[in-house]
Amino acid sequence: MSDRSIFIQRLQAARAEMREIVKYAQGNPTIYEPWRMKEVLDHITGWDDAVIASIKSLLAGELPATPAARGIDTYNAETVSSREAIPYEVTQREWEASRVVLLDLIQALTEEQLHARFTFPWGDQGIIEDLVEIFTEHEETHAREIRTIIEKVR
């Protein structure tokens, strides 16, 4: 299996796990006070969007924007607040759509680009493998935490 296939499979598996959590959460319960399930999905979508922008810059040979350069907490707050008027159903569709775009961009990378160092949304540098690992672990961690939170209140 190629590196590209492994990266795509890893991102798909993390998303499948979170889809199960969304079903398990049944609706829009509070997860991390004050965040409800919607805000968690907005948060994940925001990071997918940032990664998408970085990979598009890599594909274009441009210097990427670093939307999280002022800090991860600041970026999290901004990306969630910018989506607060969006209905939960739209949030879910955007959450799914952003991952499709991300996977398509990984497919579009050349072998050289797959292993090239580039700038991440928060300013650090690494390769696609590093980015995939960070964001699959991010989504998997949220899935585990949310399952635990919901189990405690049921």
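Trainee: Which side chain of opposite charge is nearest to Glu39, and how far away is it?

Mentor: In this predicted model, Glu39 belongs to helix α2, which covers residues 37-60. Glu39 is buried and yet has no salt bridge, a pairing that would need a side-chain nitrogen of Lys or Arg within 4 Å of a carboxyl oxygen. A polar atom of the Glu39 side chain does lie 2.7 Å from the backbone nitrogen of Arg36. The nearest side chain of opposite charge, however, is 5.1 Å away, and that is Lys38.

Trainee: How is α2 oriented relative to helix α6?

Mentor: Helix α6 runs through residues 128-153, and its axis comes within 12 Å of the axis of α2, the two crossing at roughly 175°. Since angles over 145 degrees fall in one named class, this crossing makes α2, relative to α6, roughly antiparallel.

Trainee: Which residue makes a polar contact with the side chain of Tyr32?

Mentor: Tyr32 sits in strand β1, residues 30-32, and, leaving aside neighbours within four places in sequence, its contacts include Val40, Glu145 and Ile149. Val40 is also among the α2 residues that meet α6, where the residues met include His142 and Ile146. The polar contact of the Tyr32 side chain, at 2.8 Å, is with the side chain of His142.

Trainee: How many residues apart in sequence are the parts that Arg10 and Glu133 tie together?

Mentor: The structure holds 12 salt bridges, and one of them joins the side chains of Arg10 and Glu133, with N and O 2.9 Å apart. Arg10 lies in helix α1, residues 3-25, and Glu133 lies in helix α6, so the parts tied together are separated in sequence by 123 residues.

Trainee: Are Arg15 and Glu139 buried or exposed?

Mentor: These two residues form a salt bridge whose closest N and O atoms are 2.7 Å apart. Arg15 lies in helix α1 and Glu139 in helix α6, so the pair ties together parts that are 124 residues apart in sequence. A residue has to fall under 20% relative accessible area to be called buried, and Arg15 and Glu139 are both buried.

Trainee: Which residues are linked with Glu139 in a network of salt bridges?

Mentor: Glu139 also forms a salt bridge with Arg99, the closest N and O atoms being 2.9 Å apart. Arg99 lies in helix α4, residues 88-108, so this pair ties α6 to a part that is 40 residues away in sequence. Both Glu139 and Arg99 are buried. The residues linked with Glu139 in the network are Arg15, Asp48 and Arg99.

Methods:
Residues are numbered from 1 along each chain as its sequence is written. This is a predicted model: local features need pLDDT of at least 70, side-chain atom pairs count only at pLDDT 80 or more; totals for chains, interfaces and linings use all residues. Side-chain values use heavy atoms; hydrogens and water are left out. Helices (H or I, at least four residues) and strands (E, at least two) are DSSP runs, numbered from the N terminus. Contact means heavy atoms within 4.5 Å. A polar contact is a pair of N or O atoms within 3.5 Å; within protein, one must be able to donate a hydrogen and the other to accept it, and residues adjacent in sequence count only if both atoms are side-chain atoms. Buried means under 20% relative accessible area, exposed over 50%, partly exposed in between (1.4 Å probe, protein chains only). Lys and Arg count as positive and Asp and Glu as negative; His and the chain ends are not counted. Axes are lines fitted to C-alpha atoms, for helices over the stretch in contact, and angles run from 0 to 180 degrees between N-to-C directions. Angles under 35 degrees count as roughly parallel, over 145 as roughly antiparallel, 65 to 115 as roughly perpendicular and the rest as oblique.
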